[in-house]
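Try each task before you read its solution.

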Amino acid sequence: MPVVTDTEDAVVTALLDALPSGSQGVDSAERMRAWLDLHPDEYAVVLGPHLDLDDALKACEDLRTTRPTVSVVLVRTEVDAAVLTRAMQAGARDVVPHGDTAGVAAAVSRAHELHVALRGPSGAHQLGRVVTVFSPKGGVGKTTMAVNLALALADGGARRVCLVDLDLAFGDVAITMQLFPTHSIEHAIGSEHDLDVDQLDDLLTRHDKSLMVLAAPAHPDARERVTPALVTRVLRTLRESFDHVVVDTAPAFDEQVLTALDETDECIIVATLDVPTLKNVKVALETLDMLDIARGHRHLLLNRADDAVGIGPEKVEAILGMPIATQVGSSIAIAASTNSGVPLVVDSPDHPGSTALRALAASLAGDSVPAPAGTGSTPEGEQAGAQESQNGTSRGKARFRMRREG
């Protein structure tokens with residue numbers, strides 16, 4: 001996906017709004033180069049008007065020889081003959097006046113066409129995105145949300161999705177879906193440096209709704225033998241075959257979870273309306289800030305969201321300092337679907353909880369859908385009257401910040 005570079009946040013945001021979902025923003029040429037080092041599949045770089053012209057042209061020259069399949073779109077406040085001449089000599093593909101967002105979008109579209117022509121359709125294939133579902137507190141319904149979100153993303157086979165159970169000691173994804181895997185991530189131990197798509201495919205278990213699952217080990221003692229290097233290899237390999245890789249994590253900042261978070265494109269934070277959970281989530285968000293993980297790509301999923309407990313959504317947003325992306329209310333149907341092994345979005349696709357999770361999935365996938373009508377609470381023994389679901393999920397195009405060393 002394209003990378004936008006400018007020192008002004010407002011300019012980056014405006015440019016990102018004109019580009020495909022999943023595009024990224026950075027604030028310097030150095031961060032742009034670091035991003036490209038981590039993502040060799042990028043096909044376009046947009047250099048904003050507030051970058052020094054000499055620095056922007058130097059970046060053009062570097063990319064012309066080191067990454068010839070990456071097109072540079074130069075955005076300048078003044079576009080005259082001298083700027084055009086220097087840009088052409090440096091190797092820029094397009095020069096667009098500042099404020100012409102339609103022109104930037106058209107230039108990026110041409111860049112993608114050139115990328116496909118140079119590398120072929122298979123070479124231009126975009127790697128899948130990693131969606132990590134995390135909560136620092138157990139018992140909040142994280143696995144249930146991860147399973148249903150993965151199925152919502154798969155959309156009956158419309159997208160290729162793999163669900164990874166990275167709760168390596170006590171993972172429940174398989175039993176939640178009534179799967180009986182013969183292989184798990186444990187069988188990849190020792191393959192940190194040579195694991196490939198075909199080998200990993202043999203370890204996956206298919207769910208009958210076009211979802212693939214990489215199960216957790218059958219016994220907790222295998223956790224210590226699953227190294228961070230293996231987690232990295234597994235996630236990067238799965239990116240090559242799937243549109244989305246959904247990761248269900250353990251409720252802790254252990255080495256494996258931190259590694260998964262480092263590979264994350266979008267992070268779903270699951271919380272419930274109780275003070276201990278909100279306290280832990282607040283601390284977890286501060287930790288993610290300190291490590292510069294998924295900044296601008298975090299989405300708060302409020303589970304069991306019922307006003308009767310005395311803490312409303314507005315108070316949650318004030319405590320955590322972030323908007324609620326989606327709410328799922330308490331419901332007997334959710335517990336019943338979990339116990340039956342048929343996830344809610346499959347068992348009851350019209351349930352408000354299913355609607356809320358499908359809306360979140362569509363937002364993560366970059367689709368345009370109407371906001372869900374309500375949360376997952378129903379009148380079957382619970383409070384009557386479902387609350388309106390909040391769908392404030394970002395388009396997945398916020399500023400990227402490199403994780404600080406150490």
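**Exercise 1.** Which handedness does the β-α-β unit made by β4, helix α4 and β5 have?

*Solution.* Keep in mind that this is a predicted model. Start at strand β4, residues 71-76. Go on through helix α4, residues 81-90, to β5. The unit is right-handed. Now check the strands: β4 and β5 (residues 94-97) pair in the parallel sense over 4 bridges. In one of these pairings, Val-75 has Val-96 of β5 as its bridge partner.

**Exercise 2.** Find how β3 pairs with β4, and trace the chain between them.

*Solution.* Strand β3 covers residues 44-47. β3 and β4 pair in the parallel sense, over 4 bridges. Val-46 has Val-73 of β4 as its bridge partner. From β3 the chain passes through helix α3 (residues 53-66) to reach β4. This β-α-β crossover is right-handed.

**Exercise 3.** Sort the side chains of β4 by the way they point.

*Solution.* In a regular strand, side chains alternate between the two faces of the sheet. Ser-71, Val-73 and Val-75 point one way from β4. Val-72, Leu-74 and Arg-76 point the other way. Are they buried or exposed? All are buried.

**Exercise 4.** Classify the crossing of helices α6 and α15.

*Solution.* α6 spans residues 142-154 and α15 spans residues 352-364. Their axes come within 8 Å and cross at roughly 60°. Therefore α6 is oblique to α15. The crossing is right-handed. Residues in the contact include Leu-149 and Ala-152 of α6, and Leu-357 and Ala-361 of α15.

Technical notes:
Residues numbered from 1 in each chain as written. Predicted model: local features only at pLDDT ≥ 70, side-chain atom pairs only at ≥ 80, totals over all residues. Heavy atoms only, no water. Buried < 20%, exposed > 50% of the residue type's maximum accessible area, 1.4 Å probe, protein only. Helix = DSSP H or I, 4+ residues; strand = E, 2+ residues; numbered from the N terminus. Pairing = 2+ DSSP bridges. Right-handed = clockwise from strand over helix to strand, strands pointing away. Axes fitted to C-alpha atoms, helices over the stretch in contact; angles between N-to-C directions. Parallel < 35°, antiparallel > 145°, perpendicular 65-115°, else oblique. Left-handed = near helix turned anticlockwise from the far one by under 90°. Contact = heavy atoms within 4.5 Å.
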